[in-house]
Amino acid sequence: MFGAVVVGIGTAGWVRMRDMLAPLPGSAAEKLAVRGFISRRSLDSQQGVSPISIEEAVSREDIHVAFICTENVSHEDNVRTFLQAGKHVCVEYPMTMNYKAAVELWDIAQEKGVILHEEHIELLTEDYKELKREVEGKILQEGTLHFTGGALKPGFGFPAFSGIARLTWLVELFGELSATAATMEEDSANNYSKMTAKLMTSDNRPLTWIEERGPGLPRAKNINFVFDSGTLTEIPPAPRGAVGLFMQDLILFSAKVVGQVSPDELQKEKSRILHCSKLAERIQQLCQS
Ligand code: NAD
């Protein structure tokens, strides 16, 4: 068994504990056992799991794994601490708020011989799988992905990073991208922001990514993908899967920890994550220049 701790008991951290306490029967997730949680608050036991200090978590030999579920800006420090202690790490996206730090963390993971996994539940949704099937084999002319959502709490960082799930969708659908221009509109008094990034596929097809957030904005992804053969204006509706998204991610991470995922697969994922991080940083620079 691999002992695990959860760092940050917000929505995601709470779900991580719940899923480890009741893993999908027969899945690799059964190999994880939650041994404690770490919070900056003084919390009593949660779901029967006790709080422990970070010092205890890094030094205990029966703790092999950490889940980093804090707000985005503190992911990097937490990931680094656990990797350096030789623990496998699963971090909610985005892993870091800049590209250089992401490269450093992957280097530490490699040096220590541990798994570094960035959660990407957006790739596990039935909506995404249906869209991927729909896009497969079609030749893109141009496209837009416009995300809207409520205002984020402090600590979630620049939209190109907090919204890296949308960028990951585009990269998984259309291959590696480059950023040609980006702008940011902000009305901080009203907690409103709109980032518009102009992207280009490797065969020079333009894509626009808009990340818009403000109080009361519905959580939605609007698409307009123009292909040689027609236009896709809606994400094809798909029924929810039987297994929850965080549980699917937990199973994937556990499979990596127990050595069931091939080095090729691991490398492919790492390349995609680093590509998206570099692209997000470039978008941020373009917005700020
Ligand atoms: P959250 O706001 O619920 O929690 C974030 C952090 O705030 C946690 O460290 C938590 O301990 C702390 N926190 C929460 N309530 C607090 C309180 N009352 N007082 C003091 N601290 C408090 O955010 P979240 O949704 O759990 O997101 C955490 C990470 O998971 C983020 O990186 C996010 O991008 C990622 N994520 C979340 C979801 C989701 O569906 N919630 C999905 C994908 C990725």
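Where is the place of Asn191? Colleagues, the answer is the loop between β7 (177-187) and β8 (192-201). Before I go on, please note that we are looking at a predicted model.

I begin with backbone geometry. Asn191 has a positive phi of about 60°, although this residue is not a glycine. With a relative accessible area of 45%, Asn191 is partly exposed, because that class lies between the cut-offs of 20% and 50%.

Gln47 is another non-glycine residue with a positive phi, here about 55°. Gln47 belongs to the loop that runs between β2 (32-38) and α2 (54-59). Its relative accessibility is 28%, so Gln47 also counts as partly exposed.

Just after helix α7, a positive phi of about 85° is taken by Gly175. The backbone has one further feature to report: the peptide bond from Tyr93 to Pro94 is cis, and its omega is near -10°. Pro94 is found in the loop between β4 (88-92) and α4 (99-112).

Let me now turn to the ligand. The ligand sits in the largest pocket. How many residues surround the ligand? There are 19, and the closest are Ile9, Ala12, Asn72, His75 and Lys153. Sorted by class, this shell holds 7 nonpolar, 6 polar and 6 charged residues.

Several polar contacts can be given with distances. A polar side-chain atom of Lys153, which is also among the closest residues, lies 2.5 Å from an oxygen atom of the ligand. For Arg40, an N or O atom in the side chain is 3.0 Å from a ligand oxygen. Tyr93 takes part through its backbone: a polar backbone atom of Tyr93 is 3.1 Å from an oxygen atom of the ligand. As for surface area, the ligand taken alone exposes 810 Å², and the protein buries 70% of that.

Finally, I come to helix α7, residues 164-174. Why is α7 described as largely enclosed by the rest of the structure? The reason is that 10 of its 11 residues are buried, where buried means under 20% relative accessible area. The buried residues are Ile164, Ala165, Arg166, Leu167, Thr168, Trp169, Leu170, Val171, Leu173 and Phe174. Arg166, for instance, is one of the buried residues of this helix.

Conventions:
Residues numbered from 1 in each chain as written. Predicted model: local features only at pLDDT ≥ 70, side-chain atom pairs only at ≥ 80, totals over all residues. Heavy atoms only, no water. Helix = DSSP H or I, 4+ residues; strand = E, 2+ residues; numbered from the N terminus. Buried < 20%, exposed > 50% of the residue type's maximum accessible area, 1.4 Å probe, protein only. Near = heavy atom within 4 Å. Polar contact = N/O pair within 3.5 Å; in protein donor to acceptor, adjacent residues only side chain to side chain. Areas by Shrake-Rupley, 256 points an atom, 1.4 Å probe, with all protein chains shown as cover. 1 Å grid on protein atoms, 1.4 Å probe; cavity = no way out; pocket = protein on both sides within 12 Å on 5 of 7 lines; lining within 4 Å. Sits in = over half its atoms within 2 Å of the grid points. Nonpolar A, V, L, I, M, F, W, Y, C, P; charged D, E, K, R; others polar.
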